[in-house]
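Open the model in your viewer and keep the selection panel at hand.

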Amino acid sequence: MPIQEAKLIWKNGELIPWAEATTHVLSHALLYGTCAFEGLRAYKTPHKGTCIFRLQDHTRRLFYSARIYGIGIDYTEEEVNEACKRTVRENGLESAYLRVNAYLGYGEMSPSATGCPDDFVIAAFPWGRYLGEEAIEEGIDAVVSSWRRTAQGTIPAGAKVAGNYLSSRLITTEAKNRGVVEGIGLSHDGTVSEGGGENLFIIKDGRVLTPPLAASILGGITRDTAMTFLKQMDVEITEQAIPRELLYGADEIFMTGTAAEVTPVRAIDGLEVGTGDKPITKEVQKRFFGLFDGTTEDEWGWLEPVEG
Ligand code: PMP
């Protein structure tokens, strides 16, 4: 799906025309993957106008990821939040996907370079359903990937950095080549990790299981949102290592992510998940999408209006 261009991109402190937001071909981030980033969504709501979802949490995670790789950010979290809102506003977008990159720019070779500039960009543009229009209702078909996620002590899965997405590329490309939309990666030890760009929830006998942070997952903000709703619903939720075979015996499975939102899994490796009834998944979806149509009260202050 081609990127739907907007007008302006925020780069190093100012909004510049979309086409001028370029970077040198020898930028460190391009050579070595050193780009900490966030993907966020702005939703059009009837009660609070256009709002960025959990903006402060995304910005906090961006600073965490950047810190791990020695990528400097020349702004405060507050300034980044304001710049994100301004980028949506000044592009006149009612809803959008935002991509925020803090990356090492052009100036020095070698993975350990310390002399590259700290560049920072924010783009916002329209983006529909990541896993397809019917995915939210019907669910997606997935396969367990032949590729393992990065092992503990190799490349940290908990930092959201461009280089990590080599793993996601292998997993999702393999899935597409096998005729489905998404792949599920296993950890180095063979337990369940996460999708190419989504966290996983497995429901069995009314209990919910999700892999822990140490299972080479990104600590997803939508994952945290779903866990908050599950607690509200008084559903028992356990973060634990999940053997692969549980995927085949689950009553329901759903995936979460900013792009994927809350998406049910219909079948894994050709086996349908449960009976197709998904009461818990549907309730989580109802509460999640309810945030944006006003039917779920935002008691956490997760909706950040771009105006004002
Ligand atoms: N895992 C991976 C590998 C991801 O890329 C994403 C999406 N950014 C997620 C999980 C979900 O994270 P979030 O809910 O914060 O978007």
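Select R41 and E261 first. Their side chains meet in a salt bridge, 3.9 Å from N to O. The rule asks for a side-chain nitrogen of Lys or Arg within 4 Å of a carboxyl oxygen of Asp or Glu.

A note on the source: this is a predicted model, where local features need pLDDT of at least 70, side-chain atom pairs count only at pLDDT 80 or more, and totals for chains, interfaces and linings use all residues. Residues are numbered from 1 along each chain as its sequence is written, and side-chain values use heavy atoms, without hydrogens and water.

Next, colour 8-125 as domain 1 and 135-293 as domain 2. These bounds come from an automatic or database domain assignment. The domain centres, taken over C-alpha atoms, lie 26 Å apart.

Now show the interface. In domain 1, 23 residues contact 23 residues of domain 2; contact means heavy atoms within 4.5 Å. About 1900 Å² is buried between the two domains, with 63% from carbon and sulfur atoms. That area is the accessible area (1.4 Å probe) that two parts lose on being put together, summed over both. The rule finds 2 salt bridges across this interface.

Stay on the domain 1 side. Select β3 (35-45) and α2 (55-68): these elements give two or more residues to the side that touches domain 2. Helices (H or I, at least four residues) and strands (E, at least two) are DSSP runs, numbered from the N terminus. End on β3, which gives the largest share, 10 residues.
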